[in-house]
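This briefing concerns aromatic contacts and nonpolar cores. Please consult the sequence and structure shown below while reading.

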Amino acid sequence: MAIPFYYEEIFMSKKRSYFFKKVSNLIRRLQIIKARRKGNRDGLQANKIVVDNFFGRGYGDNPKYIVDQLLKMNLDFDIVWIVDEQSAQGYFPEGIRLVKVHTPQEAYEYSTAKVWIDNVKNHYKGNKQPGQFYLQTWHGSVSLKKVEKAVGSALPTSYVEASKIDSSMIDAMISNSSWQTNDYQNNFWYGGPVYEFGVPRNDIFFNQPNKTVKKVKDSLGINKDYQIILYAPTFRNFKTIEEQKKLYSLNSKLIIKACEEKFGQKFILVERFHPAVASKMDITETGTLKNGNNYPDMQELLVATDILITDFSSSMFDFILKGNRVFLYTNDYEDYINNERALNFDIKRDIPFSFANTEEELIMNIKSYDEANESEKVNEMKEKLGISDDGHASERIAHLIVKQMERG
């Protein structure tokens, strides 16, 4: 039976498209190899620093705060930030040069940079050359969820291989606690120096917090007399978006009422979901509810927050640098620990915050909150974890980088 002409045309069109895509990718890979080789021939540029944040995401996380400090030093640095199409349109301070991710130009910049800064471990940069210094900042501090080798059997083989290669090139990692240092040494396939300088993105909790609070409230359109309740759950790998929408549903009016009665202040609820699902979560703003998904810096949101409600998010360990009003809430506890992620801590026993399986229990926990008792328990946890954040991590790291760049 003959194939109708138009079906044949569709088939051939798809075949040509697939062929051209394969050829285009091959050409791009060859161009990247050529650019990398040219960079190796040209040699290192003593003042060049290449920075990545999550494969080209915008100006944020630990690298942002390190670069802010480097810019303040007003030295002759050539700072290159790797960007994707979307982040290239976002905010970057003066003094930073943008280069697109996965391009020959990116390969050339990495090949000729004196310093690499990254917060992920599977972004391939090429083979590190003699004299280059690679600082891996990671993208967290104390972690509730197990990561890297601790969950190695659940990770794709390709990721494990990439992470091991990355670790073999790292010259230094940074930590904010004895707990995190031990985690790096035991679970990151890494045996090099770990500097307990503190976490750069946590410096903001110590440096002009009132300015940050005003910035956040102005951006979200929140009256200065209102305090923020931040609801920030993590995401689920094995639930559909619709299931997650239902799971994260929260009665903002009831929560706000309980908080206002307990703490004697005016409150507004801000919802912020994990970046993996945030774009698919519908938030209809009201007089009591604000959408925090589009705010670019989670740490700034935490600084502006008075009460944090979360589930399995490690943001709780950053928030305690500011306050103790943390409430844990999720109605899928057993399902999560059995099917989603293994945890480093038993959140019902090892963590000092109250835990609720239902919204009714959450409201009861708010009403029975004891500030003095919670403060004592949180301080004990900080001491046990060996947390060292003091607002000067970025300064220490910037000086480390300058020292490396001054070496021949």
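**Aromatic contacts and nonpolar cores**

K348 places its charged end over the ring of Y333, at 4.1 Å from the ring centre. This arrangement is taken from a predicted model. The points below are grouped by topic.

**Charges over rings**

**Aromatic pairs**

- The structure contains 19 aromatic pairs.
- One of them joins Y110 and W116, whose ring centres are 5.5 Å apart; because their planes stand at 85 degrees, the pair is edge-to-face.
- Y110 has 1% relative accessibility and therefore counts as buried, and W116, at 0%, also counts as buried.
- Y184 and F188 have ring centres 4.9 Å apart and planes at 80 degrees, so this pair is edge-to-face; both residues are buried.
- Y59, W81, Y91 and F92 are linked into a cluster by ring pairs.

**Nonpolar cores**

- The largest nonpolar core comprises 41 residues, and M316, F317, I347, I351 and F353 have the most contacts inside it.
- Elements that each supply at least two residues of this core include α6 (209-220), β8 (226-231), α10 (315-319) and α13 (371-385).
- α9 provides the largest share of this core, 4 residues.
- Beyond its neighbours within four places in sequence, F317 contacts V142, S143, L144, F345, I351, M381 and L385.
- A second, separate core has 28 residues, among them I307, I309, Y329 and Y369.

Terms used
Residues numbered from 1 in each chain as written. Predicted model: local features only at pLDDT ≥ 70, side-chain atom pairs only at ≥ 80, totals over all residues. Heavy atoms only, no water. Phe/Tyr/Trp six-rings, centres within 6.5 Å; stacked < 30°, edge-to-face > 60°. Buried < 20%, exposed > 50% of the residue type's maximum accessible area, 1.4 Å probe, protein only. Lys NZ or Arg CZ within 6 Å of the ring centre and 35° of its normal. Core = buried A, V, L, I, M, F, W, Y, C linked by side-chain atoms within 4.5 Å. Contact = heavy atoms within 4.5 Å.
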